[in-house]
Structure formats: C-alpha cells, structure tokens
Amino acid sequence: MSPSAFEAVIGLEVHVQLRTETKLFCACPNRFGAEPNTLVCPVCLGLPGALPVANREAIRLTVMAGLLLGCEIHRISRFDRKSYFYPDMPKNFQISQYDRPLCLGGGLEIEAGGTHKRVRLTRIHLEEDVGKSLHFETTSGVDFNRAGAPLMEIVTEPDLSSPDEAMAFLLALKQILVYGGISDCNLEQGNLRCDINCSVRPAGSSALGVKTEIKNMNTFKGVHRALTYEIDRQIRVLRGGGTIRQETRRWDDDAGATDSMRSKEYAHDYRYFPEPDLLPVELTEAQIETWRADLPELPAARRARFVREYHLPDYDAGVLTADKGVADYFEAVARSCGNPKAASNWVMTDVLRVLGEQGMEIGHIRVTPEALAKLIGLVERRVINMPTAREVFAALFEHGGDPETLVRERGLGQVSDASAIDALAAQAIEAHPGPASDYRNGKAAALQFLIGQVMKLSRGKADPRLAAEALKRRLGIN
Amino acid sequence: MNNPTETKAPAMNVEHVAHLVRMELTPDETESFGRQLGRVLEYIGQLQQLDVAEVEPTAHAVPVRNVLREDRTAPGLPREEALANAPLARQGLFIVPRIIE
C-alpha cells in the first residue's frame, strides 16, 4: 500500500437550536444571555409532577427543515426518554426521539474543491437541550436557562471524506436553515453545535474502519482543524502497526489536538423508552402540504431569480444571495430606488466592505435600505457626486439618519451652477498655465489635472461633468 | 406468580446499573437489590413467552394525539424559588460536585 493510500469517512450529528419564542416543553422563553436560572419553571427544572406539553412551532420548524432538505416526514412520530445521569440534565433523562423521528432521509448538495456531491441525511429528530455547566476550582455550577430549549438533531450518513467537505456541508446547512427562518445559527450563542464521527480506511476499500467520535464542536473552523488532526492521527496509528480504539475524543483548541475522554465517565446505556407524558404527534397530508406551500425561496433559486429579474451577472447574484440578510437588504434597496444595478454596486462594494471591516452582521447596520436608496437617488439626480456619496454613506454608517437631511445640513450638495463652475475653471487655468497650454497643444490627459483643480477649488462639490465642459470651452476646444 | 423457575431471566448486573445511576451500594444492598430486580426480570420473562406478533405496541393507553401548545411565553419561577431546594447555590447557580471531564 502506498503511504498516501488512506481515505477518511466522516459523518456529522448537527444540533441546531430552533428559533422559537419558548422552550420545547414549557412556556419559558428560549433566549440566550439572561442571568443564570431566570428562565426556568418546574417543567424544565424537572420538578416532580411537572408535565411537558410540546411546542407546536418547534414541530413545524423541524418539519420545515425536513421539507427543505428533502426528507420524508413521518405521519406519526413519538417522543422517547433517553436515560443518562449528568448534572446538566435535571430529570436524569432527556426527552428525545428514538425510533419515530419527525424526519427520515433527505440530503444536501455541497461543493468542495470544485466537485459537487450529495450528502445523504439519515434523519432529523427533535429533542430538548440540556443546561450549561460552569466549572470552578472544587465545584461546578449549573444554569438551566438553556435546559429544555428546542434542539433539532440532523444526522448525516458517513458520506463526507475530508475536512473541506465537512466545512462545506456545515456552511450549506447553515445557509438553508437561516433562509428557512428555522434557526439563527449563531455560533457564538451556541445555536449550532456538532459531533463528528470519523474513521479512515485504505483508499478504495469498502469496509469501514473503527471510528472515533469527537464531541461538542461549536465552531466550523474547529471542526476543520479537529478533523485534519484526527484523520492524520488515525493514519499515523495504523501506519505504525497500531489499532484505533472506538472511543469518544475531545478537541482541545489550544493544544490543537484531540484527546481521549475517560470512558468510565461516559459509560452509557440510554435505555430508551416511549415518553409516557407526551402523546404521539400525527401530521396529516393536508398539514404538511400547507407547510410545504410556505417554504421559502432557497439560495440557489434566489440567485437565479436575481439574474433574471434584476439582470445582475451570475457572480454578483451569488455574492448577494450568500447571506439571506444581505439578499433581503439588497432587494429592499433595489425596490426602493428602482435601480438594481446601482443597488447591487453599493451593497457589493461599500456595504459588504464596511461590514467585513467591522465584523458586523447586516442586521445591525444603521444605514436602512430606504436611506441607501435615497442616497442612490441623490447621485442619480446629480445632487451629489460619488466621492461625496461615499462620505455621506460613512456618516450614515456611523450615526444612521437620512441622507437628504445630511446633505442639506452639511452643505454637501454638488455645485451645478454653470456660472459658478465657469469662474472656478477660469481660476484653475490662470493658476496652472502649463497644463492649460499642454491641453491646447493636444495633450488630452492635462484636462484631468485641471478638472482635479476645479474639484479642489470647489472642495469636492463641483459636478465634474460641468467642470470638464467649462474648461474645454475656455480652452477653445468646444 | 406461576412457576418462576420455568422462565429463568438473565441475572441483572446490579453494579453496572448502580454506576449508570451514580449510586453507591453496600455489598448487602447489591445482593438484596440484585435478588429483587431479578424477580422483576422473571416477570418480564413470563411476558416474553406470550405471542404478541399480532399486537400493536402500546405506548399510551388512550388514543389521543397532538396535544400541543402555542409558542407563547408565560412567567416561570423566580430565581430564589427555583434555587430554594438546592442543597447548595451560589451566584444564581446550582452548585454540584465538580464535574470531571
């Protein structure tokens, strides 16, 4: 066997927090960032006698995710208890779904390294999240605000074969879930976490190698790094004549390595059984069809529509639709100003540039689509020129506000008064006789210098087109 | 109970189960729980002799489905109440023995 002849086999279990108002089985707010244990009630604390009632919206969102990902929807699904004992799990069992999950099968198209590939899904089920533990020197503290939050688990088949593919899958999945309004997929808030199953085998072999599981990854970059490390580790072990132990490993981001978790602490025997406190969920064909009719436009379809409807180049449409928020923003600007090409230019250059520089999401931008549309209108009507428009944009980005008011208050309006510009042209020619005579003698480039002088004299406010006309007239060309 | 010796169920590994539920048992407890739980398994063994090929598995006794809740928030417990029964609480957190990873 040649030294490079190993291939990786990777499957993911992705946990996604749903965008609901309340938790899965109680009316506590499903919200990040509150003071510890302030979003709790007898149900999510697992107090004796408290009874869960499932959240209709969480079921709808999970089915929507299933429809977007081409899954089969179980007409009857059920909740089960998964028993395990850990301080972040107050009831000593987690309500999950075992043999009748809401969604089965499905798949997602990804592109990595220039090749397209369909990654099959095994299932999507709904379960409750656990609490959060904080570790101190001799004790741990538990916050149950997150306990009971609706968590959708998406399980893939072992169809991924590289860290790049795993990354591409997660990005594509996130894009669809955000588009569908199913989850905010905010990684900083732990909305999306995943477990990785990974094994290696001689290239071309059909038998699977022994796999390891890497738990609880919460960044895409972490997934990529952990997989790169783990694949390399497994190949090194096998080449050295060793064997891979089936185990759970943990990624240590600082050390850049995975290490084995003490298996005794994680001995599990989940003893699933049907949750007696929750009744089965039955979905009718009519209900599913109503939801199907509500499915949002997905990125690929929206990209095609942008090309068709707004006559944008395919590349531009791709950039604008990569993020749903950006696509919505662009459409609002385009509709409001009636000039999709200008809207696209502004969003693709100025808006995305400042967002990138500030590491900001478009949802937080102070420049409203209406303000940007007005700014585009001001340029179109030649009230201001492009450099001034960029200045106004920067001011709007800092403080928000209305561009028309800003232009008026700061006296930024372009000078379009022909006699005023003519006077400035005369001044420029007088001050720079050399370039003026160069231009008369046929050096066309000298005109740009003189236009620049007029702009300077007007402090950037002259209409450059009128400046050029005035100069040409005075230099006897017109 | 009819003749329990007829359906000998596999003995329960009480130590393993005790570990799963994080319980410490004395040797006496291990022995007596083992005996008691063994009898429960024998009952199950009897049930397993029945032919249920034609019977739908029953998770719930009543044929009711879709008992669901609208996605609207309601007040929960004030934090002092939530923590009132905790053996130890600090800074709004339930304090537990350090979780070893």
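S140(A) stands opposite V96(B), a residue of β3(B). The strands concerned, β11(A) and β3(B) (residues 93-97), pair in the antiparallel sense over 4 bridges; two strands count as paired if DSSP finds at least two bridges between them. Strands here are DSSP runs of class E with at least two residues, helices are runs of H or I with at least four residues, and both are numbered from the N terminus. The model is predicted, so local features need pLDDT of at least 70 and side-chain atom pairs count only at pLDDT 80 or more, while totals for chains, interfaces and linings use all residues. Residues are numbered from 1 along each chain as its sequence is written, chains are lettered from A and ligands numbered from 1 in the order in which they are written, and side-chain values use heavy atoms, with hydrogens and water left out.

The pairing of β11(A) with β3(B) belongs to an open sheet of 4 strands, ordered β10(A)-β11(A)-β3(B)-β2(B), with antiparallel pairing. At its edges are β10 of chain A and β2 (89-90) of chain B, each of which pairs on one side only. A further link between the chains runs in the parallel sense: β2(A) pairs with β1(B) (residues 68-69) over 2 bridges. There, L68(B) in β1(B) is the bridge partner of A54(A).

The interface can also be described by its contacts. With contact taken as heavy atoms within 4.5 Å, 59 residues of chain A touch 37 residues of chain B. The two chains bury about 4,200 Å² between them, 58% of it from carbon and sulfur atoms; buried area is the accessible area (1.4 Å probe) that two parts lose on being put together, summed over both. On the side of chain A, R56(A), F85(A) and L279(A) lose the most area to chain B, together 15% of what that side buries.

R56(A) also takes part in a salt bridge with E70(B), at 2.7 Å from N to O. The rule requires a side-chain nitrogen of Lys or Arg within 4 Å of a carboxyl oxygen of Asp or Glu, and it finds 2 salt bridges across this interface. Polar contacts link 23 residue pairs across the interface, both residues being at pLDDT 80 or more. Such a contact is a pair of N or O atoms within 3.5 Å; within protein, one must be able to donate a hydrogen and the other to accept it, and residues adjacent in sequence count only if both atoms are side-chain atoms.

The elements of chain A that each supply at least two residues to the side touching chain B are β2 (54-55), α1 (56-68), β10 (132-135), β11 (139-143) and β18 (281-282). The largest share, 5 residues, comes from β11(A).

Within α1 of chain A, E57(A) and R60(A) lie 3 residues apart, about one turn of the helix. Their side chains form a salt bridge, with the closest N and O atoms 2.9 Å apart. Over all chains the structure holds 43 salt bridges.

Chain A also has an open sheet of 3 strands, in the order β6-β5-β17 with antiparallel pairing. β6 (93-96) and β17 (273-274) are the edge strands, each with a single partner strand, so one side of each has no neighbour in the sheet. β5(A) (residues 80-83) runs antiparallel to β6(A), joined by 4 bridges, and D80(A) has S96(A) in β6(A) as its bridge partner.

Finally, an automatic or database assignment divides chain A into domain 1 (3-288), domain 2 (307-401) and domain 3 (418-474). The centres of domain 2 and domain 3 of chain A, taken over C-alpha atoms, are separated by 32 Å.
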